[in-house]
Amino acid sequence: MRIFTTVFLVLAGCLPVSPLPEQPADFAVYAAGKDGGHVVPAIEAGRYPPYLLRSIVSYPSAETAGTIVVDPGKFHLYFILGEGRAVRYGLAIGKEGFGWSGTGYVGRRARWPGWTPPPEMVERKPELARWSEGMPGGRSDNPLGARALYIYQNGHDTQIRFHGTIEPYSIGRRASSGCFRMFNQDVIDLYERVADGAKVVVLAERPVTIAAPTEG
């Protein structure tokens, strides 16, 4: 009997494990809170379609655990967990003409980052010139929100970031000047999961037809 039990357990360990069902979004993670002395406003999660809310999903991928994969056509960022699973987050992506795809890595991360508008943006919006030396982090009008993860290639900053937003209604839309916006609660969660140097893969966009969230 002991031999039979041992053999059974060994064989059972070789059997494929059935994928777990997708976990529904948890609205509670979008409640208001405090972080580092700053207030993170609540997100009215019920106003957004489920595909834009954080959830654990089946996502078979050749990428290793800890990699970030962005599918801009679906407004999704996936943090690879391994074994065919990923944390999926909703995104706002670049407006027409501001898209970016390729492979890089997280060169640095910042909590409540400061923001300096690039010269091209100041040209389009001269009122931003007052922040040419940088806007302090944590301000209610700082567009980077609670966290920023900076994408690098070959030791150089691409100027593309994953960051929070003060315009949550933009998630699921083409709204940025090239960066990837996230709900503040989601970018905080991603920040805690990602390691410095983590691989970033931004797929070429393959547009799909999906319903946009209600603006508000």
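Residues are numbered from 1 along each chain as its sequence is written, and side-chain values use heavy atoms, with hydrogens and water left out. Because the model is predicted, local features need pLDDT of at least 70 and side-chain atom pairs count only at pLDDT 80 or more, whereas totals for chains, interfaces and linings use all residues.

The largest pocket has a volume of about 910 Å³. A pocket is here an open set of points on a 1 Å grid over the protein atoms alone, where a 1.4 Å probe fits, with protein on both sides within 12 Å along at least five of seven lines; lining residues have an atom within 4 Å of a point. Volume is the space filled by probe spheres set on the points, which are joined across faces, edges and corners. At least two lining residues come from each of helix H2 (119–124), strand E10 (156–163) and strand E11 (174–176), the largest share, four residues, being that of E10. Helices (H or I, at least four residues) and strands (E, at least two) are DSSP runs, numbered from the N terminus. The lining comprises 13 nonpolar, eight polar and nine charged residues, where Ala, Val, Leu, Ile, Met, Phe, Trp, Tyr, Cys and Pro count as nonpolar, Asp, Glu, Lys and Arg as charged, and the others, Gly among them, as polar.

The second largest pocket holds about 250 Å³ of space. Its lining of 17 residues has Val39, Pro41, Thr165, Ile166 and Asn184 nearest the centre, and strand E2 (38–40) and helix H3 (184–193) each give two or more residues.

Eleven salt bridges are present in the structure, each defined by a side-chain nitrogen of Lys or Arg within 4 Å of a carboxyl oxygen of Asp or Glu. One of them joins Asp189 and Arg54 (3.4 Å, N to O). This pair links distant parts of the chain, 135 residues apart: Asp189 lies in helix H3, and Arg54 in the loop between E2 and strand E3 (55–58). Asp189 is buried at 16% relative accessible area, as is Arg54 at 15% (buried, under 20%; exposed, over 50%; partly exposed, in between; 1.4 Å probe, protein chains only). Arg54, Asp186, Asp189 and Arg193 form a network of salt bridges. Arg161 pairs with Asp157 in a salt bridge at 2.7 Å between the closest N and O atoms; Arg161 is buried at 12%, while Asp157 is partly exposed at 26%.
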